[in-house]
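Trainee: Please take a close look at a single part of the structure below, and describe it in one connected account.

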Amino acid sequence: MSAIHFNDLTLGYDRHPVVHHLDGEVRSGELLAIVGPNGAGKSTLLKGIAGALAPLSGSVGVNRKATRIAYLPQAADVDRKFPISVYDVVSMGLWRRTGWLGGVGRQDRAAIEHAIAAVGLTGFEDRAIGALSGGQMQRALFARLLLQDAGVILLDEPLTAIDAKTAADLLDLVRRWHAEERTVVAVLHDFEVVKSVFPQTLLVAREAVAWGASTDVLTPDNLMKARRMLEAPDRAAERCPRAA
Amino acid sequence: MLYDALIGPFVEFEFMRRALAGSVALSLGAGPLGVFLMLRRMSLVGDAMAHAILPGAATAYLLTGLSLGWMTVGGLAAGLAVALLAGAVARTTALEEDASLAAFYLLSLALGVTLVSVRGTSIDLLHVLFGTVLALDDATLLLLAGIASVTVLALAALFRPLVMESVDPGFLRSVSRMGGVTHLAFLGLVVLNLVAGFHALGTLLAVGIMMLPAIAARFWTRDVTGLIGVATGIGILSGLAGLLASYHLGLPSGPTIILAAGVAYLFSLLFGTERGWLPRFLPRRHLEA
């Protein structure tokens with residue numbers, strides 16, 4: 001069963017394509033890494049899946065009724081100066097249950113504490129988010145993801161500027177999600193991490209360069225090809241002949 | 001002696017009691033809104049919106065004279081129109097919200113001043129700019145109290161999405177479509193309270209009772225609920241102190257209320273326990289961990 005379906009998907013800004021004519025599907029429960037050079041359209045693709053960016057043409061299909069999407073953007077635009085505690089930020093993950101006015105009951109509090117413990121932040125509950133290090137903040141955002149209990153989890157460069165111990169802990173959570181048969185799609189740069197944790201890889205450079213088993217995709221030939229495909233955007237670009 | 005200074009004026013004069021009730025009502029609504037404006041780095045937005053409501057109130061004044069109801073409706077309409085237009089432009093063009101808001105409020109202010117000067121005398125203009133806190137009649141007091149009640153209830157309902165929208169707007173967008181609604185409802189409350197404040201204090205000072213207590217509160221606590229409590233308290237005390245000062249010294253009451261809030265801010269800036277100036281210079285040893 002497919003969790004995410006791309007049908008001739010083109011995403012971009014001001015009519016310039018950043019993800020160009022992508023076809024394919026991510027199967028339910030798959031653990032997929034998206035890799036590619038800077039500017040290859042990785043973050044744009046995640047935004048498209050999350051529904052934060054409308055396609056220029058084609059479509060991306062997610063069964064939103066059956067699956068909820070949790071999306072952790074690259075450098076999430078969290079206002080770190082806002083006076084709010086780790087506990088309260090993590091508890092935002094329960095929004096779908098609590099909504100505007102719903103109370104946070106004993107079960108919910110147990111779930112929040114459990115999530116905080118799972119990311120190793122026990123003892124930091126009352127700490128203001130402004131006093132957290134980058135790695136601790138990322139742990140808190142992962143705790144919030146845990147509470148969202150989503151079927152599809154999208155992570156945009158979750159391990160950037162994160163130390164080795166934190167990265168290992170967060171990858172353990174990713175493995176756990178995979179074991180729970182959730183679909184996880186993550187943008188990553190570290191090929192060693194991709195090869196050891198992510199069975200599937202999509203290599204993009206505006207278009208899909210290769211998509212399949214990670215060891216088959218991450219070959220020197222493919223990577224060289226990806227780098228060559230990303231020239232500067234052509235300001236005088238003609239209308240794409242492939243556009244319907 | 002103390003009785004004559006602090007309580008006597010309110011016992012003796014009904015207009016003082018009315019002014020006090022009005023300024024307490026204002027503080028209850030405006031204080032919490034000011035806290036959120038400050039935390040969302042929108043401290044100057046209140047100022048812009050206060051200017052934006054002028055043409056609505058002025059048009060109503062030109063058409064109906066000094067009518068409480070119509071000037072309220074006019075001010076609300078102008079303020080909400082500017083908020084909606086600025087929001088729509090920010091969402092659909094390259095302009096950020098601050099730039100589009102600046103454009104619309106300046107346009108609105110120029111229109112308002114033109115309208116007031118077409119027919120009004122300078123006394124009318126003074127009324128619009130500086131309010132009449134010492135001449136609050138029953139209808140105005142009820143309006144102030146009603147707006148304060150609506151504001152407190154609406155903020156209670158909006159509290160959770162408003163905090164989420166302030167801390168992590170992208171996250172709220174990913175789990176709910178309420179982000180935009182929350183933002184607009186919040187701006188609507190700001191306009192509503194500025195219109196309330198403008199009956200008592202005038203357009204230019206209405207924003208003072210909203211922002212100064214909130215900004216002063218930041219020097220005493222970091223917690224959002226604490227900030228709301230402290231800001232509301234400072235607002236109420238400023239109203240009391242400002243009215244007394246204006247009574248004893250024979251000064252105009254609207255500006256003295258804001259001056260009292262300003263003194264509260266300066267005091268907090270100097271002595272505030274949350275990174276005020278003086279505590280910086282008291283050497284305290286750092287902790288072990």
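Mentor: A residue counts as buried if 20 or more other C-beta atoms, placed from the backbone, lie within 10 Å of its own. In chain A, the part I will look at, buried residues make up 42% of the 244 residues. This is a predicted model, in which local features need pLDDT of at least 70 and side-chain atom pairs pLDDT 80 or more, while totals for chains, interfaces and linings use all residues. Residues are numbered from 1 along each chain as written, and chains are lettered from A and ligands numbered from 1 in written order.

Chain A holds 9 helices and 9 strands (DSSP runs of H or I, at least four residues, and of E, at least two). Its radius of gyration is 19 Å, close to the 18 Å from the globule rule (over C-alpha atoms, 2.2 Å times the number of residues to the power 0.38), so chain A is as compact as a globular protein of that length. The C-alpha trace of chain A spans about 60 × 35 × 35 Å along its principal axes. Of the contacts in chain A (C-beta atoms, placed from the backbone, within 7 Å) between residues at least 6 apart in sequence, 69% join residues at least 24 apart.

Where chain A meets chain B, the contact takes 17 residues from chain A and 18 residues from chain B.

Terms used:
Two residues are in contact if their C-beta atoms, placed from the backbone, lie within 7 Å. A residue is buried if 20 or more other C-beta atoms lie within 10 Å of its own, exposed if 12 or fewer, and partly exposed in between; C-beta atoms are placed from the backbone.
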